[in-house]
Amino acid sequence: MDIYGFYTGRAFDVYEYLGAHLAKDGTTFRTYAPNALKVSLIGDFSQWEDIPMKKIADGSFYEIFCPQAKEGMRYKFRIYDRKGGFIDHCDPYGFGMEVRPGTCSIVRDLESYKFRDEEWMKSRRDFRISPMNIYEVHLGSWRKKPADLSEGADERAKEGWYSYSEIADMLTEYALGYGYNYIELMPVSEHPCDESWGYQNTGFFAPTSRYGTAWELMELVDKCHRKGIGVIADFVPVHFAVDHYALTEYDGTHLYEYPHDDIGYNEWGSRNFMHSKGEVRSFIQSAANYWLEKYHFDGLRMDAIRNMIYWQGNEQRGENRSAIEFLKNMNSGLKERHPMAILAAEDSSSYAGVTKPVYAGGLGFDCKWDLGWMHDTLEYFQTDPLFRGSDYDKLTFSMLYFYSENFILPLSHDEVVHGKASIAQKMNGDYDRKFPQARALYMYMIMHPGKKLNFMGNEFAQLREWHEKRQQDWDILKYPIHDSFHRYIKELNHIYLKQTALHYDYDPLNFRWEDCSSHDRCIYAIRRKSSDGDVIGIFNFSGIEQKNYSLTLEENVKIKLLLDSDSTEYSGSTPAGRTRFRHSGSSLTVDLQPLNGLMFSVKKK
């Protein structure tokens, strides 16, 4: 390891040196604990008795080779502080951990798994000119086995979790069938508390053992790639769990975190990384590189970037220049090593240049969640259709700033929990009225520029809020209105994947408002353009029928109806095959049902 690079925050491969490294004749353990009095190794191989480690390098690192330590064995580092006490810590660079409530690291072999995704890895291309329809998944609650509560059953069996390997075929087939070409996994790095959803990490290099081993996670990614599905990992570069067996006060001092509580803890009660320290920078960016390099993830969605741009996420407290510089250096280094990797920021600020390259003065992300679009759109659909005229501009405002960044349109896990209601449940009105609005909402989302992200359960209009302990309500598909919604989203997704005009999101010439001034009628018309043909979406978000609505198009074009959100096939009121549009010369005239969207292809004759 480049010690100078480690201390100056330039290292991206520290995991190749620190941690537990398996060989044929045993395992070498190394850890960084510069302020410890001494460090010992304990584990299954020593009957949990101390094996003193020796200081190496500049005296801040400790090492021991243990011939008895084999794959699958548990271990910890016993860190003695300068006050005479000690705490047993899991390995900050450990490649595996035991299932909670256990807190030990586990020796894991990362090198023996052989990926078979060479074709996928070679063919990865610039996402900006490609369709990207992301299915966001929490593995522990997508599907579950029946819980085994018998005596002696392990935690996995009690919770009914599928392993990474077991869920791989189910998830890939489902995503592929329903028109999702990317899966985004909520954090799969180790975390002690289910309710944190993985955002309070204790093992930044360890796949959570809830769902199995490192090899099994590799298999999941590998299978996705061989089916033509990309995989994005949720990554947390801002903070870590408070548990003292992990990073907190690792060597008896604030090694990874700030020493002062006013900036040391954040709004979620976790510890903030001190991004001004070189060794902390090297730790985080090595973890980011690790998931891309060792597991072949296609990208990272980085959580809570606002809290790195501004102190505690508060713009009034000013910019955190050290964290900003860290983001620039990390993103630059990751793109050098993985040019086709997708670096996505979950950032609720209006900080400029988040998705501009570092050399152009930006932070170096490839794309950013458009949380403004999400909030405005959902607020609009929560308004009674009778009064939407006064909120008309909530759906047009996003295009005033859209080209300032490369945006993803997210309807994510954050919008379906903690009293916010599910996406379908948010729709204004009674049960029957929610479904036509939700169908029209999703068509509008597909027509709007920006890559797409939808959280599991949204695709069949789940009405219950998401809970990490319960699987999705698959049984509601026996009800025709939910089954038809499911089929509608499937058809809509496949239209998105097929229509080239819907892919060039970041080209201003690709988008045009055909109508963004029909306030009284709550009608909108969007056109997406390409050399292969255009797509037009016309929407009536009012609660009344709008007859004889016309658009003027160019001459000599062929119009084809791609999808009617009000079709009886999807539990609407328009009989399948019935035509509600007329095309003559340069005029396209439509009859729009209440809360209805129509999508057309437009091609030259």
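Lys38 lies over the face of Tyr80, 4.6 Å from the ring centre. By that I mean NZ of Lys or CZ of Arg within 6 Å of the ring centre and within 35 degrees of the ring normal. Arg143 has its charged end over the ring of Trp142, at 5.1 Å from the centre.

A word on the source: this is a predicted model, where local features need pLDDT of at least 70 and side-chain atom pairs pLDDT 80 or more, while totals for chains, interfaces and linings use all residues. Numbering runs from 1 along each chain as its sequence is written, and side-chain values use heavy atoms, without hydrogens and water.

Next, the cores. A nonpolar core is a set of buried Ala, Val, Leu, Ile, Met, Phe, Trp, Tyr and Cys residues joined through side-chain atoms within 4.5 Å; buried is under 20% relative accessible area, with a 1.4 Å probe and protein chains only. The largest has 171 residues, and Phe29, Leu139 and Met599 are among those with the most contacts inside it. Helix 14, residues 431-447, gives the largest share, 10 residues; helices here are DSSP runs of H or I, at least four residues, and strands are E, at least two, numbered from the N terminus. A second, separate core has 16 residues, including Ile559 and Phe581.

Phe581 is buried at 18% relative accessibility, and Phe600 at 0%. Their ring centres are 5.0 Å apart with planes at 75°, so the pair is edge-to-face (centres within 6.5 Å; under 30 degrees stacked, over 60 edge-to-face, the rest tilted). Phe581 is in strand 27 and Phe600 in strand 29, 19 residues apart.

Terms used. Buried < 20%, exposed > 50% of the residue type's maximum accessible area, 1.4 Å probe, protein only. Phe/Tyr/Trp six-rings, centres within 6.5 Å; stacked < 30°, edge-to-face > 60°.
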